[in-house]
Amino acid sequence: MNIVFLGAPGAGKGTQAQRLMNDKGIPQISTGDMFRRAIREQTPTGMKAKEYMDRGDLVPDEVVIAMVKERLAEADCQNGYILDGFPRTVKQAEELDKIAQIDVALNIAVPDEVIISRLGGRRVCAKCGGTYHISMLKDNACPACGGELYQRDDDKPETVKNRLNVYAEKTAPLIDYYAGKGVLVTADCTGTVDENYKAVLTALKMD
Ligand code: ADP
Ligand code: ZN
């Protein structure tokens, strides 16, 4: 099954996609994670992406699309995948339609005020990429692998505001795009991670 996860920054796309991957064995393709890795490894893609990400702007479509096309051609994607953070513009969705058949687009719905509190408290593991909220942490070590946790530069307050504006302008139209294709489902993800995961499985009819 080819699944797209839609939702504002901080809606919990990454957390729920990781969970679905571990539970059902479907690979999670997170373009944000791919860019952060590319920046750490100073690849050409990473160099192109960095300035946009630091501002909370979108990386140009052609850079993202080239990266995703390469990734979806790999062996582990041939039996389905979860796209997390892609597509983020109508142009990206149109390009994706040329190379893939999307079975379901899941909209992870969360009110704005919840989003803002989540992003401010978000910490990411430098080693495994796991994401956590400070309210669930005892110290600065990853509960899964012991790696060091950090706050993403783009989770700082000014950048968060810009990312939410960019989402409303560029990405929210994808909800109508996929509704028009008859593949949109919605999960209310205002609750705990466990509650939200149940809502995700129900929406995907995978429970
Ligand atoms: P979040 O969903 O919390 O905003 P991501 O990790 O998905 O975080 O993305 C972080 C940043 O990476 C985005 O703000 C953007 O700059 C860049 N990025 C990720 N995916 C895309 C995409 N599909 N198109 C353009 N830019 C992207
Ligand atoms: Zn970790």
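**Close-up views of a predicted model**

**Figure 1. Polar contacts between ligand 1 and the protein.** A nitrogen atom of ligand 1 is found 2.9 Å from a polar backbone atom of Gly 85. This view, like those that follow, shows a predicted model. Side chains also take part: an N or O atom in the side chain of Arg 152 lies 3.1 Å from an oxygen atom of ligand 1. For the side chain of Lys 13, the separation between an N or O atom and an oxygen atom of ligand 1 is 3.2 Å. On its own, ligand 1 has 550 Å² of accessible area, and the protein covers 96% of that area.

**Figure 2. The shell of residues around ligand 1.** Ligand 1 is surrounded by 20 residues. The closest of them are Thr 31, Arg 36, Asp 57, Gly 85 and Arg 163. Helix α2 supplies the largest share of this shell, with four residues. Sorted by class, the shell contains eight charged, seven nonpolar and five polar residues.

Figure 3. Most peptide bonds are trans. The bond that leads from Phe 86 to Pro 87, however, is cis, and its omega angle is near -5°. Pro 87 itself is placed in the loop that runs between β3 (81-84) and α5 (90-99).

**Figure 4. Gln 42, a residue with positive phi.** Most residues other than glycine have a negative phi. Gln 42 is not a glycine, yet its phi has a positive value, near 55°. The residue belongs to the loop between α2 (31-40) and α3. Is Gln 42 buried or exposed? Gln 42 counts as exposed because its relative accessibility is 59%, and the cut-off for this class is over 50%.

**Figure 5. Lys 205, in the segment after α9.** Lys 205 follows helix α9 (193-204), in the segment after that helix. Its phi is near 55°, a positive value in a residue other than glycine. Lys 205 has a relative accessible area of 71% and is therefore exposed.

**Figure 6. Lys 48 in helix α3.** Where in the structure is Lys 48 found? Lys 48 is part of helix α3, which spans residues 44-55. Its relative accessible area is 48%, so Lys 48 is classed as partly exposed: this class lies between the buried limit, under 20%, and the exposed limit, over 50%. Along the chain, Lys 48 and Phe 35 are 13 residues apart, and their C-alpha atoms are separated by 9.5 Å.

Conventions: Residues numbered from 1 in each chain as written. Chains lettered and ligands numbered in written order. Predicted model: local features only at pLDDT ≥ 70, side-chain atom pairs only at ≥ 80, totals over all residues. Heavy atoms only, no water. Helix = DSSP H or I, 4+ residues; strand = E, 2+ residues; numbered from the N terminus. Buried < 20%, exposed > 50% of the residue type's maximum accessible area, 1.4 Å probe, protein only. Near = heavy atom within 4 Å. Polar contact = N/O pair within 3.5 Å; in protein donor to acceptor, adjacent residues only side chain to side chain. Areas by Shrake-Rupley, 256 points an atom, 1.4 Å probe, with all protein chains shown as cover. Nonpolar A, V, L, I, M, F, W, Y, C, P; charged D, E, K, R; others polar.
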